[in-house]
Amino acid sequence: MNRIIKGKCVDISSEGKGVVKNNKDIYFVDGLFIGEEADIEVLYQRAGVYFGKVKKLYKLSEHRIQPKCKICTSCGGCQYQQIDYQTQLQYKTKRVEEALKRIGGINTPVLPCIGMDNPYYYRNKIQMPFGKDRKGNVVYGFYRENSHEIIPVKECMIEDKRAASILWDIKELVKEMKIPIYNEDNGKGILRYVLIRTSYHFSELMVVLVTSMMNFPGQRNFVDALIKKHPEITTIVENVNKRHTNVILGQEEKVLYGPGFIKDKILDLTFEISPSSFFQVNPLQVEKLYQNALNLIDFKNKPVVLDAYAGVGTIGLIAARNAKQVISVEINKDASRNAKENAKRNNVNNIEFYCDDASKFIANLDTPLDIVIMDPPRKGSDEVFLSTLLNNKVKQIIYVSCDPETLARDLKYLSSSYQVKYVQPVDMFPMTAHVETIVGLYRK
Ligand code: SAH
């Protein structure tokens, strides 16, 4: 029997769980928000913290709302659907503020998190595992947290609306045509995942069928039937993943219909997106993110800019239109190749791309830099990269971060020679606890 405790939520953890303190013990509770009181069922303990779920709510936050999604408490993807959007934004601003103070010793005022007008249906990339439920029915959806049980989902509130009916019809066709569903336990069966990528600015939409073998039987009929039902699909790709892993996409690919990619735009530049390309998942907010980051640059002086951790080159390409020169470095080969193609496609000539570790690259770079834009993954940057910035006397750094805690750690390191003058959180992932932050640093 699990233990039950009574408690009051006093804070929100970085993963979006309610924080309850009780006799020196700390509890992280799903779906409990600041000010709320509840009976909490304690489920397990990890790294000195107890994790639990709400058994009975006594006192509700005035900001609590009816979630739009029926499975939001079991799916685990959205931590904040039960709290109103203004409060979500406040939580995110507060998280950045507190991380900067507590970990970084930085007291620069944090601007209010920039939200969306309509914070639903924003994701342009949708990926769903297909499987069978206990009764043998074909299902698709999300894996339950820490498990491989599929929670069926008919419509996800944060994904592009166009995906729902396509997924439903794929399921119906799969049943009709008796295409075997992959079984994770014995490796038998064919269809593993369906990935959908949508374009915001063009009428283009890609379906990727992730299968366990190339050219599955009945493929032609399946593709024809799907296109007939959904003429909005502009390309279908088969991706073969034979490995027994959690990684969704395999290496082998075959275009079954259309060009094999879609295009989308960010601030007037056009990008090609293949099944595996990295591309920001919120097409509206990415423009606000980049615009606010680039507004910090004084382009009148024609700066030389380094775009580090560049992905498919998006920020650097946009900066290049006004800079003297941009140097771009990215470790992933595919992304780096896409970045070069994106430069050609958009006729941007004053940018160079290097596929390398950002730290190694910057440590060996001779070109004097005026501005460094850095957008590292969640684990943040490292001492080699940061100490090179300190030694090279770069005048201005724009740090774009998807993790306030590692951001704060890195800013602390830089704060010996740099002043943090601008901190702007941007909500790229409404309904979830994630927050992106732009920081402007200036040489003291
Ligand atoms: N700036 C891009 C991508 C940011 S995501 C955008 O806005 O879309 C972070 C990127 O850092 C990823 O593309 C990842 O492949 C890359 N990366 C991770 N570690 C790296 C390293 N050590 N050196 C260079 N790039 C790295």
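Reader: In which helix is the place of S359?
Author: S359 lies in helix 8, which covers residues 358–363. Please keep in mind that this is a predicted model.

Reader: Is S359 buried or exposed?
Author: S359 is buried, because its relative accessible area is 3%, and the cut-off for buried is under 20%.

Reader: Which residues does S359 touch, leaving out those up to four places away in sequence?
Author: With those left out, S359 touches D382, V384 and F385. With D382 there is also a polar contact between the two side chains, at 2.7 Å.

Reader: Let us turn to the ligand. How many residues surround the ligand, and which are the closest?
Author: The ligand is surrounded by 15 residues, and the closest are Y290, E330, D357, A358 and D375.

Reader: What is 2.8 Å from a nitrogen atom of the ligand?
Author: That is a polar backbone atom of A358. A polar backbone atom of Y309 is 3.1 Å from a nitrogen atom of the ligand, and for I331 the corresponding distance is 3.2 Å.

Reader: How much of the accessible area of the ligand does the protein cover?
Author: The protein covers 85% of the 580 Å² that the ligand has on its own.

Reader: A new topic, then: how many disulfides are there?
Author: The count is zero. For C75, the nearest cysteine sulfur belongs to C78 and is 6.2 Å away, whereas a disulfide requires sulfur atoms within 2.5 Å. C402 is in no disulfide either, with the sulfur of C113 as its nearest, 14 Å away.

Reader: Are C75 and C402 buried or partly exposed?
Author: C75 is buried, with a relative accessible area of 14%. C402 is partly exposed, at 23%.

Reader: Finally, why is helix 10 described as largely enclosed by the rest of the structure?
Author: Helix 10 spans residues 404–414, and it is described in that way because eight of its eleven residues are buried. Among the buried ones are P404, L407, A408 and L414.

Reader: What covers the buried residues of helix 10?
Author: The cover includes helix 2 (85–102) and helix 9 (383–392), together with strand 19 (396–401), strand 20 (418–426) and strand 21 (436–443).

Reader: And what is found at the start of helix 10?
Author: There, a side-chain oxygen of D403 comes within 2.9 Å of the backbone nitrogen of E405.

Technical notes
Residues are numbered from 1 along each chain as its sequence is written. This is a predicted model: local features need pLDDT of at least 70, side-chain atom pairs count only at pLDDT 80 or more; totals for chains, interfaces and linings use all residues. Side-chain values use heavy atoms; hydrogens and water are left out. A residue is near a molecule or strand if one of its heavy atoms lies within 4 Å of it. A polar contact is a pair of N or O atoms within 3.5 Å; within protein, one must be able to donate a hydrogen and the other to accept it, and residues adjacent in sequence count only if both atoms are side-chain atoms. Accessible areas come from the Shrake-Rupley method with a 1.4 Å probe; for residues, only the protein chains shown count as cover. Buried means under 20% relative accessible area, exposed over 50%, partly exposed in between (1.4 Å probe, protein chains only). Helices (H or I, at least four residues) and strands (E, at least two) are DSSP runs, numbered from the N terminus. Contact means heavy atoms within 4.5 Å.
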